Amino acid sequence: MSDKNIPLFRLHDLRYAYGSQPALEISSLDLEEGQIHAVAGPNGSGKTTVLKLLNGLLEPTGGEILFRGEPINRRGYACIRGESVLVHQDPYLFDGTVAQNLAFGLKIRKLSSRLIQRRIEQKLSLVGLPGFEHRRSRALSGGEKQRVAIARALALEPGILFLDEPTANVDTASIELLERLILRLADAGTTSGLCLPAGDPSGVPGRGSCRTRAREYIQGCS
Ligand SMILES: Nc1ncnc2c1ncn2[C@@H]1O[C@H](COP(=O)(O)OP(=O)(O)OP(=O)(O)O)[C@@H](O)[C@H]1O
Ligand SMILES: [Mg+2]
């Protein structure tokens with residue numbers, strides 16, 4: 001059961017360096033459960049790094065991250081990876097059909113074929129790509145690939161969804177669709193925490209419904 005007073009993530013004196021090169025420093029930050037959080041900053045300011053730290057793909061080189069009140073390193077990094085999905089800035093789809101890409105993680109979780117098929121149809125519709133099941137991933141446009149990667153993440157129905165520049169290659173109509181979708185997920189409580197790095201920091205407050213709804217706006221991480 002989640003305690004409403006405990007933030008989903010609490011970052012304390014968090015630092016990360018790639019070798020001897022410091023990439024990120026956040027003195028203190030709470031990310032609340034059930035909220036949309038946006039991370040904004042110029043290129044190289046550490047947006048992707050902070051998402052990888054929150055997702056447990058990277059371990060902090062200094063300070064700590066509390067996940068539901070407990071240090072991530074004590075709970076184990078696998079624990080956070082089990083509850084969350086990170087859609088990478090440049091998502092990888094393996095060669096094969098869109099359906100195969102979406103089904104992969106669901107088969108590992110041993111879902112029935114009927115449920116897998118239903119989830120694939122449902123999530124492709126949500127990202128505005130109904131009927132794309134049999135399209136080859138190699139033959140998709142950049143924006144379509146990005147939306148398939150988001151559908152693949154949604155198919156896992158994670159508690160926490162991290163999206164790294166999800167609308168970078170996506171056209172205006174699809175940006176609106178994705179933003180409405182993210183708001184719906186947060187409102188329905190199906191996803192407890194969302195991070196939406198926006199490449200253009202000047203555009204974060206006031207442009208696009210998701211960004212205006214972002215409760216936490218981490219300006220310039222470095
Ligand atoms: N694997 C790596 N090895 C060494 N340095 C890295 C590595 N990944 C990122 N960096 C450096 O860390 C800093 C932060 O990078 P990061 O990718 O987190 O920035 P970002 O805010 O996501 O940038 P962008 O807007 O371009 O996506 C940059 O200076 C970058 O060059
Ligand atoms: Mg990045």
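Which strand pairs with strand β1 (residues 9-18), and in which sense, parallel or antiparallel? The partner is strand β4 (residues 62-67), and the two pair in the antiparallel sense over 5 bridges. Two strands pair if DSSP finds at least two bridges between them. Helices (H or I, at least four residues) and strands (E, at least two) are DSSP runs, numbered from the N terminus.

This is a predicted model: local features need pLDDT of at least 70, side-chain atom pairs count only at pLDDT 80 or more, and totals for chains, interfaces and linings use all residues. Residues are numbered from 1 along each chain as its sequence is written, while chains are lettered from A and ligands numbered from 1 in the order in which they are written.

Start with the whole chain. Its secondary structure comes to 8 helices and 9 strands. Of its 222 residues, 40% count as buried. A residue is buried if 20 or more other C-beta atoms lie within 10 Å of its own, exposed if 12 or fewer, and partly exposed in between; C-beta atoms are placed from the backbone. Contacts join residues whose C-beta atoms, placed from the backbone, lie within 7 Å. Among contacts between residues at least 6 apart in sequence, 72% join residues at least 24 apart.

F9 stands opposite F67 in β4. F67 also has a bridge partner in β5, E70. Strand β5 (residues 70-71) pairs with β4 in the antiparallel sense, over 2 bridges. β4 and β5 form a hairpin with 2 residues between them. In the turn, R68 has a positive phi of about 50 degrees.

These strands belong to an open sheet of 4 strands, with the order β2-β1-β4-β5 and antiparallel pairing. β2 (21-31) and β5 stand at the edges, each with a single partner strand, so one side of each is left without a neighbour in the sheet. Helix α1 (residues 47-54) packs on the sheet, where α1 touches β1, β2 and β4. The direction of α1 makes about 120 degrees with that of β1. Axes are lines fitted to C-alpha atoms, for helices over the stretch in contact, and angles run from 0 to 180 degrees between N-to-C directions.

Ligand 1 comes next. It is surrounded by 13 residues (C-beta atom, placed from the backbone, within 6 Å). The closest are Y18, A23, K47, T48 and T49. β2 and α1 each supply at least two residues of this shell, and the largest share, 3 residues, comes from α1. By class, the shell has 2 nonpolar, 10 polar and 1 charged residues. Ala, Val, Leu, Ile, Met, Phe, Trp, Tyr, Cys and Pro count as nonpolar, Asp, Glu, Lys and Arg as charged, and the others, Gly among them, as polar.

Two loop residues remain. Most residues other than glycine have a negative phi. E157, in the loop between α6 and β7 (160-163), has a positive phi of about 45 degrees. E157 is partly exposed, with 15 other C-beta atoms within 10 Å. E165 lies in the loop between β7 and α7 (172-188). Phi of E165 is positive, near 50 degrees. E165 is buried, with 20 other C-beta atoms within 10 Å.

Definitions and conventions
Two residues are in contact if their C-beta atoms, placed from the backbone, lie within 7 Å.
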